[in-house]
Amino acid sequence: MELANVRSLTITGGRNKYGRAEDQTLTCRAGDITCIVGPTGSGKSRFLADIESLAQGDTVTGRRVLINGSPVDPSVVRATGQKLVAQLSQQMNFIVDLSAEEFLMLHAESRISPDPDGIVRAILAAANDLSGEKFTGNVSVTQLSGGQSRALMIADTALLSPSPIVLIDEIENAGVDRRRALELLVQKEKITFIATHDPVLALMGSRRLWFRDGGIAGIIVPDENERESAAYVREIDEQWARWRETIRTGGLLHAGPDPDLHHTD
Ligand SMILES: Nc1ncnc2c1ncn2[C@@H]1O[C@H](COP(=O)(O)OP(=O)(O)OP(=O)(O)O)[C@@H](O)[C@H]1O
Ligand SMILES: [Mg+2]
């Protein structure tokens, strides 16, 4: 299967943690952003894992994944050496001790990039743009902070991954500019899923799946009111980001309902 030919992804309903049928069949097309919300333990990461493994009724949930309306054989996909699904997971562990530049260069070469030097520079620049704390290409990936390694993996996925399906499990790390990260990741032609507890990200999708007890409990489509609310929520979030920045750069906060508090020194 050619990656460029992936036009839609369908997930047929399985069962929740109590064995109840998940009465939903969901089809997502290139360009769709689907958000996944629900309490901790409700099955969001499990749902992403079903997509990642191209489940065929063979996981704990019984879900099936169809590409362009047809079942896929994961072993056939693997045999092509292509990666249908790129995943940014909740856990991030580097098991190699390479510099950031060496790590990216290996990846660029394995992707047979026509300009590996150029792409490595572009990824480092994008990662630094997303990360609160700057870092150079010489630093070992094992020495990066949580936010820095997250930013590096996001930039790497965005700029080097040809996969038509992108799965994102949480980017709430406060060391990363989440909205910019999402904009970078979500190129128009990708089929994107984001599991999140963050309202700003949850409101960026064209619909969201609400999870409960390991199954999809509802599919929520934003209405006009919610789109307006989303703009307000983003403003508040930007205010939070300014407060966070003041505190982490050693400043004193002057914020509150009293207008006298709103001056900056
Ligand atoms: N339909 C299901 N049937 C059986 N087990 C399930 C089902 N869905 C999820 N689980 C299991 O429930 C546990 C919690 O699920 P999961 O890790 O997906 O939660 P989550 O929503 O991602 O939580 P968090 O917000 O904390 O990341 C996992 O062990 C998962 O395998
Ligand atoms: Mg999870």
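## Domains

The C-alpha centres of domain 1 and domain 3 lie 32 Å apart, in a protein that is divided into domain 1 (1-84 + 163-222), domain 2 (93-161) and domain 3 (225-265), where the bounds come from an automatic or database domain assignment. Five residues of domain 1 are in contact with seven residues of domain 3, two residues being in contact if their C-beta atoms, placed from the backbone, lie within 7 Å. On the side of domain 1 that touches domain 3, the residues divide into five nonpolar, no polar and no charged; here Ala, Val, Leu, Ile, Met, Phe, Trp, Tyr, Cys and Pro count as nonpolar, Asp, Glu, Lys and Arg as charged, and the others, Gly among them, as polar.

This is a predicted model, in which local features need pLDDT of at least 70 and side-chain atom pairs count only at pLDDT 80 or more, whereas totals for chains, interfaces and linings use all residues. Residues are numbered from 1 along each chain as its sequence is written, while chains are lettered from A and ligands numbered from 1 in the order in which they are written.

Four strands form an open sheet in the order 2-1-4-5, with antiparallel pairing. Strand 2 (25-29) and strand 5 (70-71) stand at the edges, each with a single partner strand, so one side of each is left without a neighbour in the sheet. Strands (E, at least two residues) and helices (H or I, at least four) are DSSP runs, numbered from the N terminus, and two strands pair if DSSP finds at least two bridges between them.

Strand 1 (residues 8-12) is joined by four bridges to strand 4 (residues 64-67), the two running antiparallel; in this pairing Thr12 stands opposite Arg64 and Ile11 stands opposite Val65. Strand 1 also pairs with strand 2 in the antiparallel sense, over five bridges, and there Ser8 stands opposite Arg29. A residue is buried if 20 or more other C-beta atoms lie within 10 Å of its own, exposed if 12 or fewer, and partly exposed in between, with C-beta atoms placed from the backbone.

Strand 4 and strand 5, which run antiparallel, are joined by two bridges, and Leu66 has Pro71 in strand 5 as its bridge partner. These two strands form a hairpin with two residues between them.

## Helix 5

Helix 5 (residues 146-160) has 15 residues and reaches 21 Å from its first C-alpha to its last, close to the 21 Å expected at 1.5 Å a residue; the expected span is 1.5 Å times one less than the number of residues. The helix is mostly covered, with 12 of its 15 residues buried, among them Arg150, Leu152, Met153, Ile154 and Asp156. What covers these buried residues includes strand 6 (85-88), helix 3 (100-110), helix 4 (116-130) and helix 6 (178-185).

## The shell around ligand 1

Of the 16 residues around ligand 1, Thr40, Gly43, Lys44, Ser45 and Gly214 come nearest, a residue being near a molecule if its C-beta atom, placed from the backbone, lies within 6 Å of it. Helix 1 (residues 44-52) supplies the largest share of this shell, three residues. By class, the shell has two nonpolar, 10 polar and four charged residues.

## Loop residues

Most residues other than glycine have a negative phi. Leu54, in the loop between helix 1 and strand 4, has a positive phi near 50° and is buried, with 23 other C-beta atoms within 10 Å. Asn68, in the loop between strand 4 and strand 5, also has a positive phi near 50°, but Asn68 is exposed, with 12 other C-beta atoms within 10 Å.

Arg20 is found in the loop between strand 1 and strand 2 and is exposed, with 11 other C-beta atoms within 10 Å. Leaving aside its neighbours within four places in sequence, Arg20 is in contact with Arg15 and Gly215. Arg20 and Gly215 are 195 residues apart in sequence, yet 8.5 Å apart in space, C-alpha to C-alpha.
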